[in-house]
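Thank you all for making time this morning. I would like to walk you through one structure, slowly and piece by piece.

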Amino acid sequence: MAIVHRAVVDVLAAMPARLLWRFARRYVAGTALDEALRVVRDLNAQGVMATLDILGEQVGSPSEARAGGAAYGEALQAIRREGLLSNISVKPTHLGLKLAPDLCLAILRDLVREAHRLGNFVRLDMEDSTCTEETLRIYRTLVGEAPAVGVALQAYLKRSRADAARLAEGGANVRVCKGIYREAPAVAFQDRQMIRENFLALLEILLGAGCYVGIATHDPWLIQEARDLVARRQIPRDRHEFQMLLGVRSDLRAGLLTAGERVRVYVPFGENWRAYCLRRFRENPTLLRHVMRALFRRERPRPGP
């Protein structure tokens, strides 16, 4: 199956943008902010919160990093102007982490201060393991200056329990996810069940310390285990939320809403949608199966490139 999966992704990668968009449109809000805002409005109307993510990473120049920061600032202003229930999620490499860490910190500092002023919030996404330590360092710096910032932890990284314990001491706002980047066995768990168990261990640490936790998964088993943990610990429903990707497992999302859970959907958009989708398809066979099924469903297409 792995060979078939790779072959399908290779075929997708060779497709012209307009054809590939037929596969991607379910998972990307569009290329422009106004398209993403329409998706957020629709989600809010269903009782779902959102987080906006401008697709892109590993910028090549300071001007690109600053442009990314300006685009996120525009998104924060638009969210406030339209009264939407959405925050923003930012990949530090999109704002220059690998290029110039001090520049990245300065851009993020401006965004966090603006989010605080507007009553909003900035989530620092976690990228591959070469970024983990620096991302956490930037988070610790920023949270000491304004509370409108949180971070993410990846359950497949072996270091994450120690990171969770340290974040718990400060009452951090943390998104817990499995992790999607390819990592060496020395760095990351490779076994699915070990990743699941570590995910639950992170929730135990963070929820037990009173942290606000975003439980980011489409795994039905993990969702039920997390809900059982919340019930057992008597965690108030305003201290956690479930988070999912746009276009994935709307059935699980609906079930959580019916059960009275807080749900947030990750809404990616931007010109770099192609690289994002191919990476997601390459690293997540389950998502690719969702794409193939969706291709044969009749649905209202969103505008695309």
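I will start with the sheet and then turn to the helices around it.

Please keep in mind that this is a predicted model, in which local features need pLDDT of at least 70 and side-chain atom pairs count only at pLDDT 80 or more, while totals for chains, interfaces and linings use all residues. Residues are numbered from 1 along each chain as its sequence is written, and side-chain values use heavy atoms, with hydrogens and water left out.

Eight strands close into a barrel with parallel pairing, in the order S1-S2-S3-S4-S5-S6-S7-S8; strands are DSSP runs of E with at least two residues, helices runs of H or I with at least four, both numbered from the N terminus, and two strands pair if DSSP finds at least two bridges between them. Neighbouring strands of this sheet are turned against each other by 30 degrees on average, direction ignored.

As one example, strand S2 (residues 86-90) runs parallel to strand S3 (residues 122-124), and three bridges join them, with Val90 standing opposite Leu124 in S3.

Helix H4 (residues 62-82) packs on the sheet, where it touches strand S1 (49-54) and S2, contact meaning heavy atoms within 4.5 Å. The direction of H4 makes about 170 degrees with that of S2, where axes are lines fitted to C-alpha atoms, for helices over the stretch in contact, and angles run from 0 to 180 degrees between N-to-C directions.

Helix H6 (residues 132-143) also packs on the sheet, touching S3, strand S4 (149-154) and strand S5 (173-177).

Finally, how do H6 and helix H7 (residues 160-169) lie, and at which angle do their axes cross? Their axes come within 12 Å and cross at roughly 0 degrees, so H6 and H7 are roughly parallel to each other, a term for angles under 35 degrees.

Key: Parallel < 35°, antiparallel > 145°, perpendicular 65-115°, else oblique.
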